[in-house]
Amino acid sequence: MTLKLAQIKQMISNDALYSLLQHAAHPIMSLRYRWFMWRAPRPQVANTKQTLAYLNQHHLSVARYGDGEFRWMMNIKNDSFQDTTPELARRLQEIIKSNQANIMICLPDVFDGLQQYTRTNAGAWRHILSHYGFKIVKYLQPNKRYYDANFTRPYIDRRDKAQSKQFFVQIKHLWADRNVLIVEGAATRFGLSNDFLATARSVRRIICPSTNAFGQYAAILAQTKAIARPDDVILIALGPTATVLAYDLAQVGFWALDIGHADVEYDWFQAKATVRTPLKNKYVNELAAGHTVDNTNDKQYLQEIVAHIAQT
């Protein structure tokens with residue numbers, strides 16, 4: 001009987017054997033990745049524990065870069081909810097090179113090894129770094145201290161999930177007893193149907209387009225600046241638009257966090273999910289089945305909405 005590669009992967013529990021199998025199946029990718037890890041000037045990226053401790057202590061704004069932001073930054077087409085545009089690429093390039101004292105520039109903690117991640121996620125990052133690693137590091141500063149973009153992903157891709165609970169406690173502490181303003185996509189519904197925002201003093205929401213939000217960036221920025229209060233913590237879950245918006249809001253004195261997938265991760269953590277699964281009331285962009293979302297009549301959620309930015 002001939003087994004397919006996917007079947008063999010499921011049978012192998014030893015990570016070293018899995019890695020060997022992956023390298024055998026993709027020898028060119030493996031060589032490219034090894035060459036990158038050997039030759040590239042890799043950035044200094046704090047781990048998740050260090051990142052959350054520093055963020056809780058200093059209350060800096062956060063602009064995060066994941067694999068999608070790297071592609072948008074390099075003007076490489078993304079088959080996703082946000083079109084690639086020259087202006088988006090320009091802004092992401094500007095921000096990643098910035099040195100503002102009140103902003104943490106966050107990169108994935110993948111440049112010194114992938115042992116902390118599941119085999120599937122580690123394999124995805126080997127693929128990304130083998131193709132784009134040398135291009136990515138050209139935008140980075142060798143002596144700059146970066147922080148972990150994956151602090152908003154403390155569960156589903158982690159090989160060791162023992163620390164996930166404590167990481168979520170630290171994330172929730174960021175808005176404990178504070179007024180929260182959420183800027184999110186139309187079906188993101190950050191904190192709906194869970195207790196992720198239970199420690200917040202109050203919650204208000206600005207609802208933005210689910211797709212191509214950056215096309216409405218001027219309106220989103222203007223509306224957020226008009227509604228935000230000086231004591232708000234602004235949570236932004238809006239793809240690469242969140243990276244840019246957090247940076248621009250920090251420039252005018254707001255505390256803004258590009259919070260990404262943290263709420264979806266929290267739902268998976270509470271459900272003890274072992275793989276990404278669709279959520280009934282929330283958009284999950286990484287799953288095709290997660291793009292179909294039921295309407296919600298949750299009264300508290302609807303009362304929290306203070307503004308809509310329409311899709312053009």
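Start by selecting Asn47, which caps the N-terminal end of H4: a side-chain oxygen lies 3.2 Å from the backbone nitrogen of Lys49. This is a predicted model, in which local features need pLDDT of at least 70, side-chain atom pairs count only at pLDDT 80 or more, and totals for chains, interfaces and linings use all residues. Residues are numbered from 1 along each chain as its sequence is written, and side-chain values use heavy atoms, with hydrogens and water left out.

Next, select helix H4, residues 48-58. Helices here are DSSP runs (H or I, at least four residues), as are strands (E, at least two), numbered from the N terminus. Thr48, Thr51, Leu52, Leu55 and Asn56 are the buried residues of H4; buried means under 20% relative accessible area and exposed over 50%, with a 1.4 Å probe and protein chains only. Viewed down the H4 axis, the buried residues fall within an arc of 125°, so they line one face of the helix. The arc is taken over the directions from the helix axis to the C-beta atoms. Lys49 and Gln57, on the other side of H4, are exposed.

Now show what covers the buried residues of H4, including strand S2 (61-64), strand S4 (145-148) and helix H8 (164-173). Then step to His59, which follows H4 and has a positive phi, near 50°.

Finally, move to Glu184 in strand S5 (residues 179-185). Glu184 is buried, with a relative accessible area of 0%. Its side chain reaches the backbone nitrogen of Arg189 at 3.2 Å. The C-alpha atoms of Glu184 and Ala53 are separated by 25 Å.

Methods: A polar contact is a pair of N or O atoms within 3.5 Å; within protein, one must be able to donate a hydrogen and the other to accept it, and residues adjacent in sequence count only if both atoms are side-chain atoms. Contact means heavy atoms within 4.5 Å.
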